[in-house]
Amino acid sequence: MFKKIFIAIIVLCVLAGIYYRDLLSYGWMQASGQVKILMNVEEVTDVLADPSFPDSLKARIRLIEEIKKFGVDSLGLTPSKNYTTFYNQHGKPLIWLITASEKYKIEPYKWHFPIIGSFPYKGFFDSTRAVIEERELIKQGLDTDIGDVSAWSTLGYLKDPILSSMLNRRVGSLANLILHELTHGTLFVKNNLELNENLASFIGDQGAIRFLKFKYGLDSPELRTYEYSKKYNDAYSRHMLRGIGRLDSLYKTFGTNPVASAHYDSLKTALIANIFEDADTLLSGKRTLTNKNRGAPGRRAGRWPDGKLPNNAYFISYQTYKSKQDIFKIEFEQKFGGNIKKYLTYLKEKYPSL
């Protein structure tokens with residue numbers, strides 16, 4: 001009897017392994033990537049004590065410690081062991097992110113993972129695997145976008161390190177990034193990534209402004225620089241969100257479940273080109289737009305070196321990260337008087353977190 005039960009369990013495990021082989025393979029790859037990083041981190045205390053490590057970069061690491069402390073003490077973010085270790089990337093990207101969308105609809109393709117839920121993007125520590133995955137999605141008729149990212153959060157499951165690439169950021173951008181990722185470790189709602197990323201973007205932005213005022217003062221160049229960039233970044237994001245609305249209106253004229261055609265493709269390409277031409281006008285004088293800035297969501301698409309316009313997948317990040325900013329701002333200001341700590345306490349009570 002016990003022998004039959006044991007054999008049945010083995011058979012079920014083998015069948016589950018076959019059925020979930022892609023997921024298991026991906027999980028192993030991601031775990032291996034994380035372990036490789038964790039095996040090569042240095043304690044921040046050791047880095048700061050290293051006489052060969054540049055003083056300018058040590059100052060950036062100390063700044064991250066200040067930002068983290070400010071986030072916990074003044075904003076109410078959850079204390080963690082994050083950013084107490086350092087990983088040197090040696091100038092190389094670490095993780096590649098894929099997003100995908102329907103061909104004639106701004107609708108994210110979603111990947112499903114046990115425990116943490118569904119995501120409109122998928123990360124890879126191996127660029128080759130990322131490209132293979134992207135090709136498979138293209139074969140399915142989906143629009144895709146792929147690029148490297150500057151940070152990620154393990155939601156408290158692991159001790160996230162300071163990455164060497166972080167140290168090249170301006171002060172305001174660095175504060176935004178650290179506070180954004182710490183927000184994920186404070187509140188992360190399963191199967192609602194749009195809420196999670198919008199909230200982290202909102203807290204990162206509002207928190208960065210407060211940190212810069214606290215550390216440098218109301219008339220500081222650090223604060224002025226950040227607010228100047230924020231003005232144009234916000235304008236660009238709003239423009240991309242309006243662009244989503246314009247594209248959705250076009251796609252509705254194609255009917256339900258449209259078959260791919262050269263005519264539809266030409267209408268789509270013309271509208272996307274127009275959206276980015278308008279964006280160039282919107283931001284003229286601010287910066288030359290390129291597709292080299294791979295932060296989420298702010299990958300600028302203007303003069304693309306390869307001559308290819310972005311497709312629907314490019315717009316997905318603006319839905320994910322920026323579509324709820326006005327909702328959060330109104331609630332934050334009208335109900336909580338701009339008090340981030342009270343607002344986060346309310347949100348933690350409202351939403352069950354992982």
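Student: So a salt bridge is a side-chain nitrogen of Lys or Arg within 4 Å of a carboxyl oxygen of Asp or Glu. How many does the count come to by this rule?

Tutor: Twelve. This is a predicted model, where local features need pLDDT of at least 70, side-chain atom pairs count only at pLDDT 80 or more, and totals for chains, interfaces and linings use all residues. Residues are numbered from 1 along each chain as its sequence is written, and side-chain values use heavy atoms, leaving out hydrogens and water.

Student: OK. Which residue does Asp234 pair with?

Tutor: Lys230, with the closest N and O atoms 2.8 Å apart. Both sit in helix α8 (residues 221–252), four residues apart, so about one helical turn separates them. Helices here are DSSP runs of H or I, at least four residues; strands are runs of E, at least two; numbering starts from the N terminus.

Student: What about Lys335 and Glu331: how far is N to O?

Tutor: 3.9 Å. They lie in helix α11 (residues 325–336).

Student: Is Lys335 buried or exposed?

Tutor: Exposed, because its relative accessible area is 59%. Glu331 is buried, at 15%. Buried means under 20%, exposed over 50%, partly exposed in between (1.4 Å probe, protein chains only).

Student: New topic. Where is Lys268?

Tutor: In helix α9 (residues 262–282). Lys268 is buried too, with a relative accessible area of 7%.

Student: And what is Lys268 in contact with?

Tutor: Leaving aside neighbours within four places in sequence, its contacts include Lys103, Asp143 and Asn312. Contact means heavy atoms within 4.5 Å.
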